[in-house]
Amino acid sequence: MSDKKDQDGRQVFRSVGAVVVWWVWLLFAVGNLIDLAVQGRDHLSLVAAFILVFVTGIVYITALRPRIIADNDGLTISNPVRDYRVGWATVAGADPTDLLRVRCEWQEGGGTARRAIYSWAVHSSRRRQLSAEMRARRQARQGSRGGSTVFGGMGGMGGFGLATSFGSGEPSPEGDPLRVDADKVVATLTERAERARLDAPGTEAAAPTSTWDLVAVAAIVIPGLALLITALA
């Protein structure tokens, strides 16, 4: 995840792990295509080559393309084949669901229109959320009992830490360093939306816009058609 601001206030949030997957697959696919070009001389080799190209297109749109770009004017949410543009005045909030959800609100037809846009770039593990909630409740209960545990006599030996590490089976709160920290992204986007509304209180919320990414569509459609034609030939 990148959370450093450029001079124009631009921040990009994306999964480092997904980018790694893309480059690993690309090297694998290129190596196999070279091998097929050198040794393959039959119809099956041509089909295999188009399968590799087709899968490469899928990996491209699902691993490399998804990202969230925040700038001074709003958000650009890039999903596999579509891009969404949302102004800060329209951002009502964000939630770390399985896919990060950006809640949008704007005035339309004399009422309030609402829409939720989900980002493929930021995932949140439901198991980690439940584990964090259970850990917080357990700590609250222990705090209300005066902090007494079966390891209370160990004092500075960190008995409670040993019980948590080895007895609970819960994932580390730090999580996977290759994943995007959904809670941090939510906090950053919420803070920027609130600051933008304070800096420009008269800005009118407008409906989000969406566009198809033609390169992403072509990366799937063209190899898919070529594979279908070659397999049926």
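Trainee: How many residues make up the hairpin that joins β3 to β4?
Mentor: This is a predicted model, in which local features need pLDDT of at least 70 and side-chain atom pairs count only at pLDDT 80 or more, while totals for chains, interfaces and linings use all residues. Residues are numbered from 1 along each chain as its sequence is written, and side-chain values use heavy atoms, leaving out hydrogens and water. Strands (E, at least two residues) and helices (H or I, at least four) are DSSP runs numbered from the N terminus. Here β3 covers residues 74-78 and β4 covers residues 82-87, and the hairpin between β3 and β4 has three residues.

Trainee: Which residue in β4 is the bridge partner of threonine 76?
Mentor: Strands β3 and β4 run antiparallel and are joined by five bridges; pairing requires DSSP to find at least two. Threonine 76 has as its partner in β4 arginine 85.

Trainee: And which residue in β8 stands opposite arginine 82?
Mentor: Strand β8 spans residues 209-212 and runs antiparallel to β4, with four bridges between β4 and β8. Opposite arginine 82 stands tryptophan 212.

Trainee: Which strands stand at the edges of the sheet?
Mentor: The open sheet has five strands in the order β1-β2-β3-β4-β8, with antiparallel pairing. Each edge strand has a single partner, so one side is left without a neighbour in the sheet. The edges are β1 (11-13) and β8.

Trainee: At about what angle to β1 does helix α5 run?
Mentor: Helix α5 comprises residues 182-199. This helix lies across β1, β2 and β3, and its angle to β1 is about 150°.

Trainee: Which residue meets aspartate 71 in a salt bridge?
Mentor: A salt bridge is a side-chain nitrogen of Lys or Arg within 4 Å of a carboxyl oxygen of Asp or Glu. Aspartate 71 sits in the loop between β2 and β3, and its partner is in β4, 14 residues apart. The N to O distance is 3.0 Å, and the partner is arginine 85.

Trainee: Is arginine 65 buried or exposed?
Mentor: Buried means under 20% relative accessible area, exposed over 50%, and partly exposed in between (1.4 Å probe, protein chains only). Arginine 65 forms a salt bridge with aspartate 213 at 3.1 Å, N to O, and aspartate 213 is itself buried at 17%. With a relative accessible area of 6%, arginine 65 is buried.

Methods: Contact = heavy atoms within 4.5 Å. Axes fitted to C-alpha atoms, helices over the stretch in contact; angles between N-to-C directions.
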